[in-house]
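Please view the sequence and structure first.

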Amino acid sequence: MSDSRAWRLASRPVGLPTAENWELTTDPIGEPGEGQVRVEVEYISLDPAMRGWLNDVPSYVPPVGIGEVMRAGGAGRVVASSDGRYAEGDHVIGMFGVQEQAVVDANGLTKVDVHAAPLPKWLSVLGMTGMTAYFGLLDIGRPEPGQTVVVSAAAGAVGSIVGQIAKLQGARAVGIAGGPEKCARLVEQYGFDAAIDYKSADVPRALREACPDRIDVYFDNVGGEILDAALAQLAFRARVVICGAISQYNESGPMRGPANYMSLLVNNASMTGYVVFHYASRYAEAARQLGEWYAAGKLTSREDIVSGLEEFPDALLKLFEGTNDGKLVLAVRE
Ligand SMILES: NC(=O)c1ccc[n+]([C@@H]2O[C@H](COP(=O)([O-])OP(=O)(O)OC[C@H]3O[C@@H](n4cnc5c(N)ncnc54)[C@H](OP(=O)(O)O)[C@@H]3O)[C@@H](O)[C@H]2O)c1
């Protein structure tokens, strides 16, 4: 039996989470029972959705309970196995929580090849955020060659992959992101056709200029005013993909909904939400395609790695401040 440190939810946040909402504990960790493995967690995926899991409201997963280890995806190494499919030393991804070690059911694991790509990439372009971009864009957005795809939070984990997949489909990609550095990266590193800095630009006007043929696919990660600006520019039969609404996640009052939704009627357009977990039966297809594009150098990703488990409460806030640059990952050890 060894000890493992874990971040637990101490109280529910109102607005942005603060240090008081968390407790760092050290607990003994047991050996795996039949069908289980013990994983030494090396990287923890920090995701905007974690904020939603802290609210005591019904959602696609139950809220994290007070006193429970914070839920999180992660990547690590099997250190003990009571399941024939996994051996000590295998690298795996799964839901391990914000902790150093986890004993988990082997059925929830995916083995990954660290020779094909470093471990953090399996939480990023080759993992959950890559798949979110893949299904949301290709299954719901369905861009055709020459069509215009606009994506918000475009320099982030999901958005940067959406833009690149849009280009691989022969579409035009326009990204909306905060600040000149992120906007330059959209064009220079990820190959977007145009970038809009929502922190300095008049977004409705910038969208009109960047999308002279209007918007065929709007992939929304942020909600709020930017969603309304995009709705106002829809093309006939446009598809609006509701992937997230990060501008609303820390609202303590009611969330702001879209005001310009009549644009859907006028343009015979659709607006569809989704959760990537509902595509679980097709993960293998996405993994194969994303892996092929990555290996061929057609998809690139950037990971923003913060070191040290104790940094978790501050690191999570980077997502809401926009100070993460790429997929935000917590490395458990310095
Ligand atoms: N539906 C699903 O299954 C699914 C799965 C994964 C993720 N998501 C959603 O996808 C979105 C992106 O997630 P991610 O993991 O790729 O995170 P990310 O984009 O890497 O990081 C979040 C980014 O959001 C932007 N942002 C923060 N507050 C904002 C605000 N008030 N207005 C506009 N932009 C703001 C910031 O970028 P700037 O510097 O550009 O402001 C920040 O860097 C989130 O909404 C998330 O909930 C959905």
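The sections below cover the basis of the model, its aromatic pairs and its charges over rings.

## Basis of the model

The model is predicted, and local features need pLDDT of at least 70, side-chain atom pairs count only at pLDDT 80 or more, and totals for chains, interfaces and linings use all residues. Residues are numbered from 1 along each chain as its sequence is written, and side-chain values use heavy atoms, with hydrogens and water left out.

## Aromatic pairs

The whole structure contains seven aromatic pairs (rings of Phe, Tyr and Trp, the last by its six-membered ring, with centres within 6.5 Å; planes under 30 degrees apart are stacked, over 60 edge-to-face, the rest tilted). One of them joins Tyr134 and Phe135 edge-to-face, at 5.1 Å centre to centre and 90 degrees between the planes. Phe135 and Tyr279 form a stacked pair, with 4.4 Å between centres and 15 degrees between planes. This pair links distant parts of the chain, 144 residues apart: Phe135 is in helix α2, and Tyr279 is in the loop between β13 (270-273) and α8 (helices are DSSP runs of H or I with at least four residues, strands runs of E with at least two, numbered from the N terminus).

Phe135 counts as buried because its relative accessibility is 1% (buried means under 20% relative accessible area, exposed over 50%, partly exposed in between, with a 1.4 Å probe and protein chains only). Tyr279 is buried at 13%, and Tyr134 is buried as well. Tyr134, Phe135, Tyr274, Tyr279 and Trp293 make up one aromatic cluster.

## Charges over rings

Arg71 lies over the face of Trp53, 5.2 Å from the ring centre (NZ of Lys or CZ of Arg within 6 Å of the ring centre and within 35 degrees of the ring normal). Lys111 lies over the face of Tyr86, at 5.4 Å from the ring centre.
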